[in-house]
Amino acid sequence: MDYFPVFLDLKKRRCLLVGGGDVATRKGRMLAKAGAILRVVAPEISSELRELVAQQHGELFAREYTREDMDDCVLAVAATDIEHLNKIVSDDAKQKNIPVNVVDTPALCTYITPAVIDRSPLMIAISSGGETPVLARLVRTQMETVIPASYGKLAQVASQWRDRIKARFNDGDSRRKFWEKILQGPAAELMMNGQEDAANQLISDELASDQSGLTQGEVYLVGGGPGDPELLTLRALRLMQQADVVLYDRLVSAGVMELVRRDAERIYVGKRRNEHAMEQENINQLLVDLAKQGKRVLRLKGGDPFIFGRGGEEIELLAQNNIPFQVVPGITAASGCAAYAGIPLTHRDYAQSVRFVTGHLKSDDTNLSWPELANPSQTLVFYMGLVGLREICASLVAHGRSATTPVALIEKGTTQDQRVLISDLNSIADVVAANDVHAPTLFIVGEVVKLHDSLKWFKAK
Ligand code: SAH
């Protein structure tokens, strides 16, 4: 270990910053964020730095550095491009035993600054020992994506419980177990969602009971997007990683399932057309039963759970049973397929609105208003439209939409098997019949389809 990592408390402590340019400003910003009082010395000082100093009631000396500037300071930073000056600042600081950092010159430093992920009070500092700062920043970028922004909030609320939890559990082991359950369970989710009162109530109930852990289960209704795992939201990914059991159906891609926690139990609930592995009512009940056993249940659905996903029905029963749940939106097939096929769903010149329509015409409760759908300045996106395709096209034409309206049928959109068939209302059914097309497919109708030729970018394998 070349360096010893520490976090310094600089609140109301004086810090010397020699330099007034961009780099010095960046350093000044961080120091000010940590509550330091800045003493800035440089012949020329940027306006942002001046402003920072004013806010912090610090000192500004628009002149050359002198040795006395170091007096009363607990930390020194040299951020000038004058090498010999940087060296003088470094030497002076070392003589006075003041930690000193010279930007980009590890040899002159007695401390170096890390790349930082700030979720205060949670802080993550990453260092490459001053050797490869760009690498440290790359690592930071990767970590930024896996550490939820809401962890700061979590740490804040949790810290308020520290003393009470300590008083309740006197051996370290059960205390640690209790914390682990809190930080991974429904109370943590409530904290991160800003529902502080509900979270506090839950922790307080639990502390009052004799058990050393939470038994309350919960359900995450999560949109898994149209197929490409990179289209998952950060929250979806986080919940997928902490679930005990996952209920998934056919639309959830293999790539997305790969990202579910390895040791989570997996339950396939089907939903192939006319071949339901499990009836909707049974799925709803299973979610309730599993949560009542204290499990963290992930209900993973294709696309967005609230768009032709029956998500509403699934959470209704949860709400009736007072089971905590949250709903995480996903990229719906229309957005995913349209983007990956280069078809903007709206366009100033071609379409002023877009409608998502069920193409499942045989269902008793489907009652489409064809005259409305015939309006030429709107884009139509049909979900579940493959079986009824011929009928959909015929109805649109019969109600006045032009038979030459361009259309796209997108098969397995956003995946490596994506295929886009372009045609018009008149001929698409024949094109599909000739091409051995398989579900899932999305059917887009409207002038915007014309743009596909010039805007397509995604190539499936
Ligand atoms: N909740 C989902 C839709 C469920 S309905 C969502 O928001 O996307 C199922 C229909 O979605 C399928 O019949 C198909 O029309 C469409 N669909 C879902 N994923 C698709 C994909 N990768 N490519 C094409 N269509 C898809």
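Q: In which strand is the place of E411?
A: This is a predicted model: local features need pLDDT of at least 70, side-chain atom pairs count only at pLDDT 80 or more, and totals for chains, interfaces and linings use all residues. Residues are numbered from 1 along each chain as its sequence is written, and side-chain values rest on heavy atoms, with hydrogens and water left out. Strands (E, at least two residues) and helices (H or I, at least four) are DSSP runs numbered from the N terminus. By that numbering, E411 sits in strand β15.

Q: Is E411 buried or exposed?
A: Relative accessible area decides this: under 20% is buried, over 50% exposed, and in between partly exposed (1.4 Å probe, protein chains only). E411 has 6% relative accessibility, so this residue counts as buried.

Q: With which side chain does the side chain of E411 make a polar contact?
A: A polar contact pairs N or O atoms within 3.5 Å; within protein, one must be able to donate a hydrogen and the other to accept it, and residues adjacent in sequence count only if both atoms are side-chain atoms. The E411 side chain also reaches the backbone nitrogen of H438 at 2.8 Å. Contacts in general (heavy atoms within 4.5 Å) of E411 include D417, D436 and P440, neighbours within four places in sequence left aside. The side-chain partner, at 2.7 Å, is R419.

Q: Which backbone oxygen does the side chain of R296 reach?
A: R296 lies in strand β11, residues 296-301. At 14% relative accessibility, R296 counts as buried. Residues up to four places away in sequence aside, R296 touches E218, Y220 and R261, among others. At 3.2 Å, the side chain of R296 reaches the backbone oxygen of Q184.

Q: The side chain of H399 reaches which residue's backbone oxygen?
A: H399 lies in the loop between α16 (389-398) and β15 (406-411). With 38% relative accessibility, H399 counts as partly exposed. Beyond residues up to four places away in sequence, H399 touches W370, P371 and A374. At 2.8 Å, the backbone oxygen reached belongs to S395.

Q: How many Å apart in space are H399 and L60, C-alpha to C-alpha?
A: In sequence, H399 and L60 are 339 residues apart. In space, their C-alpha separation is 75 Å.

Q: How is α12 oriented to α13?
A: Axes are lines fitted to C-alpha atoms, for helices over the stretch in contact, and angles run from 0 to 180 degrees between N-to-C directions. The axes of α12 (residues 280-292) and α13 (residues 311-320) come within 9 Å and cross at roughly 40°. Angles under 35 degrees count as roughly parallel, over 145 as roughly antiparallel, 65 to 115 as roughly perpendicular, and the rest as oblique. That makes α12, relative to α13, oblique.

Q: What is the handedness of the crossing of α12 and α13?
A: A crossing is left-handed if the near helix is turned anticlockwise from the far one by less than a right angle, and right-handed if clockwise. The crossing of α12 and α13 is right-handed.

Q: How many residues in the contact of α12 with α13 are charged?
A: The contact includes I283 and L287 of α12, and E313 and E314 of α13. Ala, Val, Leu, Ile, Met, Phe, Trp, Tyr, Cys and Pro count as nonpolar, Asp, Glu, Lys and Arg as charged, and the others, Gly among them, as polar. The division is 5 nonpolar, 3 polar and, for charged, 2.

Q: How is α1 oriented to α2?
A: The axes of α1 (residues 22-33) and α2 (residues 47-55) come within 9 Å, crossing at roughly 20°. That angle makes α1, relative to α2, roughly parallel.
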